[in-house]
Structure formats: C-alpha cells, structure tokens
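Welcome! Please keep the picture open as you go.

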Amino acid sequence: VFVGVDAALHMKHYLDASGRTFTIDLESMVDSGPTARGRFRNEVSQAQKFVETLAVGTHSITSKTAESAYNYKNESKNWYFAVGGYSTWGKGKAIVRNGSAGREYELQFEYKFFDRYNWDTGKSVTLVGITITDRFMGEFHRQGLAQEFDMVGSIKRIFRWKHGETIPEAQYRRDSGR
C-alpha cells in the first residue's frame with residue numbers, strides 16, 4: 001500500500017538492513033503541514049528573540065534543549081508513516097550591528113532534526129483493513145532481516161531584520177538563504 005514517497009524510502013532503508021544514518025528531506029517535511037511548519041517557525045522565533053538580546057558583535061548560538069514534535073496522519077500521511085514523532089533544535093551564527101536606525105541582525109541559521117527509526121511496543125497501524133503492529137515490524141530487526149537507524153536532517157537559512165521587526169516571510173522560503 002503506497003502511503004508516501006518518504007515513508008516508502010524510510011521503509012526501504014530499514015529493510016536494506018545497513019543501519020546507516022539516513023538524511024531525510026526536512027524541507028519537504030516542514031512544507032507538509034501546519035504542525036511541522038509551526039515547529040520550524042517557533043524555533044526561528046526563539047532564536048530571533050535571543051539574538052535581539054545580544055551585544056554588538058558575532059556570536060555562535062545553539063538551543064539549550066531539543067523540542068519534540070509530531071507528524072499527524074491527518075496533516076501528512078507520508079510523514080506520519082515516515083517519521084511520526086521527532087526532535088528539533090536550532091543553531092547558528094548571529095551578527096549584531098548598529099545601523100543608522102537602530103540594531104540590525106543577521107542570523108545564519110540551521111534548523112536541526114533527529115529521530116530514531118524504530119518500532120515501539122504497543123503501537124499499531126491499520127492499512128486497507130489489516131492491522132500491523134510495531135512488534136511485528138520490529139521482529140524483522142530482531143531476526144537480522146532489517147536494521148533500525150538514526151534519521152537526521154537540517155534546513156539552512158539566512159535571516160536579516162531590524163530590531164523589533166518580524167522576519168520577512170520571503171526569508172522562510174526554500175530558495176532563500178542559500
């Protein structure tokens with residue numbers, strides 16, 4: 001049953017049994033629905049607020065903690081099956097300057113993603129009337145026929161703004177910051 005390109009790619013990687021770290025298409029996941037997009041924007045907003053407290057100069061910043069989020073089936077069936085729950089955080093280089101009209105900021109930002117592709121006991125999904133348990137899927141790993149793996153991803157952007165302004169919408173887009 002086809003549930004999405006990324007879900008199929010992740011399942012194939014699991015069944016290939018290499019155990020190698022897999023880089024997801026984080027841009028696609030963030031574009032897939034309001035929860036993933038909101039988590040990205042919230043991380044940028046937190047960074048923006050922090051950067052505005054810094055002194056003039058160049059600073060390296062990193063989130064103190066990773067935050068959890070979830071891909072809901074009603075927002076993106078593809079990303080629900082490909083990832084489900086995950087953790088994200090931000091880091092970057094902030095440049096704070098005194099401009100003619102006040103402080104100006106540049107943030108070379110990287111939004112980071114991590115999750116483990118694994119099977120938790122007690123969970124299941126139903127596809128075309130057939131219930132598939134995580135225990136059943138995890139059995140492939142336990143028998144050496146598949147291998148669980150780490151998933152990583154990142155999005156890089158350059159954000160520029162003046163003190164008290166919101167970051168312009170265009171700077172969130174894929175083609176900005178490259």
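## Aromatic rings and a helix

In this predicted model, there are 14 aromatic pairs in the structure. Let us begin with one of them, then turn to a helix.

**A stacked pair**

- The ring centres of Tyr105 and Trp161 are 5.2 Å apart and their planes meet at 20 degrees; planes under 30 degrees apart count as stacked, so this pair is stacked.
- Tyr105 belongs to strand E5 (residues 102–117) and Trp161 to strand E8 (residues 149–162), so the pair ties together parts that lie 56 residues apart in sequence.
- Are these two residues, Tyr105 and Trp161, buried or exposed? Both are buried.

**Other ring contacts**

- A cluster joined by ring pairs contains Tyr14, Phe22, Tyr117, Trp119 and Phe149.
- Arg41 places its charged end over the ring of Tyr172, at 4.0 Å from the ring centre.

**Helix H5**

- Which residues of helix H5 (residues 134–142) are buried? They are Asp134, Met137 and Gly138.
- Looking down the axis of H5, you would find these buried residues within an arc of 95 degrees, so they line one face of the helix.
- What do the buried residues of H5 pack against? Their partners are helix H1 (5–16), strand E6 (124–127) and strand E7 (130–133).

Technical notes. Residues numbered from 1 in each chain as written. Predicted model: local features only at pLDDT ≥ 70, side-chain atom pairs only at ≥ 80, totals over all residues. Heavy atoms only, no water. Buried < 20%, exposed > 50% of the residue type's maximum accessible area, 1.4 Å probe, protein only. Helix = DSSP H or I, 4+ residues; strand = E, 2+ residues; numbered from the N terminus. Arc of directions from axis to C-beta. Contact = heavy atoms within 4.5 Å. Phe/Tyr/Trp six-rings, centres within 6.5 Å; stacked < 30°, edge-to-face > 60°. Lys NZ or Arg CZ within 6 Å of the ring centre and 35° of its normal.
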